[in-house]
Every structure is written in structure tokens, then in C-alpha cells.
Amino acid sequence: MKLQTELISIDRAHISDSVMERAGELLRLGALVAFPTETVYGLGADALNEEAAQKIYAAKGRPSDNPLIVHIADMEALEGIVKTVPAEARMLAGAFWPGPLTMIFDKKECVPPGTTGGLSTVAVRMPSDEIARELIRRGGGYIAAPSANVSGRPSPTTAQHVYEDMNGRIPMILDGGPVRIGLESTIVDLTEECPVILRPGYITLSMIRGVAGRAEIDQGLIAEDSSLSPKAPGMKYRHYAPRAKLQIVEGPLEGVVSYINRKCADSERTGIICTEETRERYFCGNVKCIGSRKDELSIASHLFSILREFDEDGTEQIYSESFESPELGQAIMNRLLKAAGHRKIDISE
Ligand code: TXA
Ligand code: MG
């Protein structure tokens, strides 16, 4: 059934009471509402209503074994859905909630298997975005929300991206403008001996170690081969894939620029993902500047929208510079590699 999708602009300085009440009511009635968070736009449903949560899978075309993150607005809500809150989780919540961190706990019975993909654990996040927080409060306190894209496409960082993917599939999209971070939250599993990062994000390994004292990265995330699979079910799927063939070029930056220039000389339909530092040095192709190497957040926040733009331009192949850094660079490369289906060219070899 095709739905009429309302796209409602929200003024952050005066969040409209009547709009938020209507959105909250839709959620309480079991319908879907898309909303901004500081990471990416989410597609919300009442997490404790199995039928509502199932609508998310249908709207996204998402595999049903891929569990959802439950969004909460305060610490009391956490106690309602998890069996225990380990001391390290309390410390991490104190430092990073509300914010771009998701933690995995053993779940209580009240969280339906339809929300957790049948797992006995539940992922929980307390976002900092004010519109998200208000919606969670009004929607019943527990809002399941994956990124609001059709499964496989880049996550949405504006309400227009959500509209492209969800028009006709959901009744309401709240438009709070472009998001701040642009990459999904860091996911940390707290059901193991030592906290394990299942998905890198804005909150880095060193930030987590700084607060919890210890933490590891899921080996399945960094394995070059496929002998180990990632522990977060969603990390095993191909993601963010642009229609074009995307390849990441690694090596000394000078060499990377000349390699890409040589490649795109053959075809104007070749796309290039470059940075402020190198944009003047490309002389052909469809060049898009992702941000400055001195400001990793600028790179993170433009990644998904650039991938969508290449689709609109009908670009056939894309070469991207690479972004290794021990901080946000890890999350950026994680998403870029998934978008590229792990196609890398190392020019220093
Ligand atoms: O920033 C974010 O986290 C955004 C915004 C909307 O909050 N949400 C988001 O949700 O990225 P989604 O569904 O696109 O990604 C959720 C990831 C998936 O990789 C999923 O497999 C993993 O979290 N996940 C959820 N519950 C889990 C669990 N119990 N155990 C392991 N992984 C889990
Ligand atoms: Mg997603």
C-alpha cells in the first residue's frame, strides 16, 4: 500500500509542540516516523511493539536477522529493558550519553525478538539530538531506529535523502536539517569480559579505553579475509554501495593523485573523491571534495551524501583517496571500504 508521506520541517529553536505530539502519537499507534539524530536520520517505531518494529524491515527491505537499536531518552529507561548494567557501561554512559554511542546488553523479556532479530541481547543508544529526544519521550520511551535508508543504500544525512528512499512507504519524516556527524554510532558490546567495538564511529577506541580502562576491536571487522565474520549482524552485509564501481587508492598522497589523474584521463564519467588539500590538482573527471584532512568531521559528514550524488550524476566508476588515521579515520575507512566492496589499489606495492 502506498502511503502519503508528510515531510515536516522543524525549527530547532522552537520545536513545535503540536507536530511532535502528532509524531509521537503515530509511533504510539504502531506507525513509522523518520527523524534526525546527531549521527544519521533514523526510521523509528515503538521498540516494544513487535508488529510496529516489523514494519521497519518491510519499509527498508532489511533482512530480518539484522537487529535494531533501541533509542532511549534517559537512564531510567535503560533499566526497563536490560538485565544488568555493568560498571563499565555506567562509566561509558556517564561520559558519552546522550551521544553517538550504542551499547549491547542482555535484554529483558519485554523486548520482543522481532526487535532484536531473535537475539537475547539488545542494542541501546541515547541520542543527543533534541528532536530525537523529544520524539522518544512522546513516542513511549523506547524507539527502535535503524538508519532511514533502503537497505544497502548510503545512510541518510538529510531529510531529502530519507524522502528519496522512503516516500510512499512511511507516513511522516521530521526534517531537522543536515546531521552533525554523518556516520552511524560506535557500537560497543558489554556482554563480554572486555568491551568490544563492533562498529567504529565518532567515539573512538582510545576514547572508550580512556573511560572504561580497556576495550578491543571486533577481529571480524578488521580481518582481511572472510575467515572471521563480524559480530554485529549488520556489518556483514554490503552497504552504502553506490551504483558506480568504487575503488580506494592507497599510498603516498602524491602518487595517489597522479594515479587517479591517469585513470580519469580516459573517461570524463569517472568520479573522484578528493580533499581540500588536493582538489586543485585534479584536471579531469567528476571531482567532488569531501572535506579537509585537517577536519575529519567534515569528511565524515559528507561521505554518504557524496555517494548519493554520484548515483544522481550517473557516474560509472569512482576513485577515492584514502583516509587512514587512528581516530575518526577508522570509521570513515570502515564505511568507505564497505561502499567499495573492499576494492583497494595500493600504488606503493
Ligand atoms: O547512529 C546510529 O546508530 C543510527 C541512528 C539512527 O541512531 N542507527 C543505526 O542503525 O545505524 P542500523 O540499524 O543501521 O545499524 C544497527 C547495527 C547493525 O549493524 C546491527 O547488526 C547492530 O547494530 N546490532 C543491533 N543490535 C545488535 C545486537 N543485539 N548485537 C549485535 N549487533 C547489533
Ligand atoms: Mg544502517
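Q: Two strands pair if DSSP finds at least two bridges between them; which residue of β15 stands opposite Gln247?
A: Tyr319 of β15 is the residue opposite Gln247. The labels come from DSSP runs, numbered from the N terminus: a helix is a run of H or I with at least four residues, and a strand is a run of E with at least two. The strands β12 (245-250) and β15 (317-321) pair in the parallel sense over five bridges.

Q: What should I know about the model before going on?
A: It is a predicted model, in which local features need pLDDT of at least 70 and side-chain atom pairs count only at pLDDT 80 or more, while totals for chains, interfaces and linings use all residues. Residues are numbered from 1 along each chain as its sequence is written, chains are lettered from A and ligands numbered from 1 in the order in which they are written, and side-chain values use heavy atoms, with hydrogens and water left out.

Q: In what order do the strands of the five-stranded sheet lie?
A: A sheet is read by listing its strands side by side. This open sheet has the order β14-β13-β15-β12-β16, with parallel pairing. At its edges are β14 and β16, each of which pairs on one side only. From one strand to the next, the twist averages 25 degrees; such angles run from 0 to 180 degrees between the N-to-C directions of lines fitted to C-alpha atoms, for helices over the stretch in contact.

Q: Which helices lie across β12, β13 and β15?
A: Helix α10 (residues 253-264) lies across β12, β13, β15 and β16, and runs at about 170 degrees to β15. Helix α11 lies across β12, β13, β14 and β15, at about 160 degrees to β14.

Q: What is the strand order in the sheet of eleven strands?
A: That open sheet reads β1-β8-β2-β3-β7-β4-β6-β5-β9-β10-β11, and its pairing is mixed. The edge strands β1 (6-9) and β11 (216-217) each pair on one side only. Inside the order, β5 (residues 101-106) and β9 (residues 186-189) are parallel partners over four bridges, and Leu101 has Thr186 of β9 as its bridge partner. Helix α2 (residues 50-60) packs on this sheet, touching β3 (42-46) and β7 (143-144), and its direction makes about 150 degrees with that of β3. Touching is contact, that is, heavy atoms within 4.5 Å.

Q: Why does the length of α11 agree with what its residues should span?
A: The expected span of a helix is 1.5 Å times one less than its number of residues. Helix α11 (residues 296-313) has 18 residues, so it should span 26 Å, and its end C-alpha atoms are 25 Å apart, which agrees.

Q: Where is the kink in α11 centred?
A: The bend at a residue is the angle between axes fitted to the seven residues ending there and the seven starting there. In α11 a kink of about 40 degrees is centred on Leu303. Leu303 is also one of the buried residues of α11, which include Phe304, Arg308 and Asp311. Buried means under 20% relative accessible area, exposed over 50% and partly exposed in between, with a 1.4 Å probe and protein chains only. Among the elements covering those residues are α7 (159-166), β14 (286-289) and α12 (328-339). Just after α11, Gly314 has a positive phi of about 70 degrees.

Q: How many disulfides does the rule count?
A: A disulfide is a covalent bond between the sulfur atoms of two cysteines. The rule takes a pair of cysteine sulfur atoms within 2.5 Å, and the count is zero. For Cys289, the closest cysteine sulfur is that of Cys274 at 4.8 Å, which is too far for a bond.

Q: Is Cys264 buried or exposed?
A: Cys264 has 1% relative accessibility, so it counts as buried. Cys264 belongs to helix α10. Beyond its neighbours within four places in sequence, Cys264 is in contact with Thr270, Ile272, Cys284 and Gly285.

Key: Pairing = 2+ DSSP bridges.
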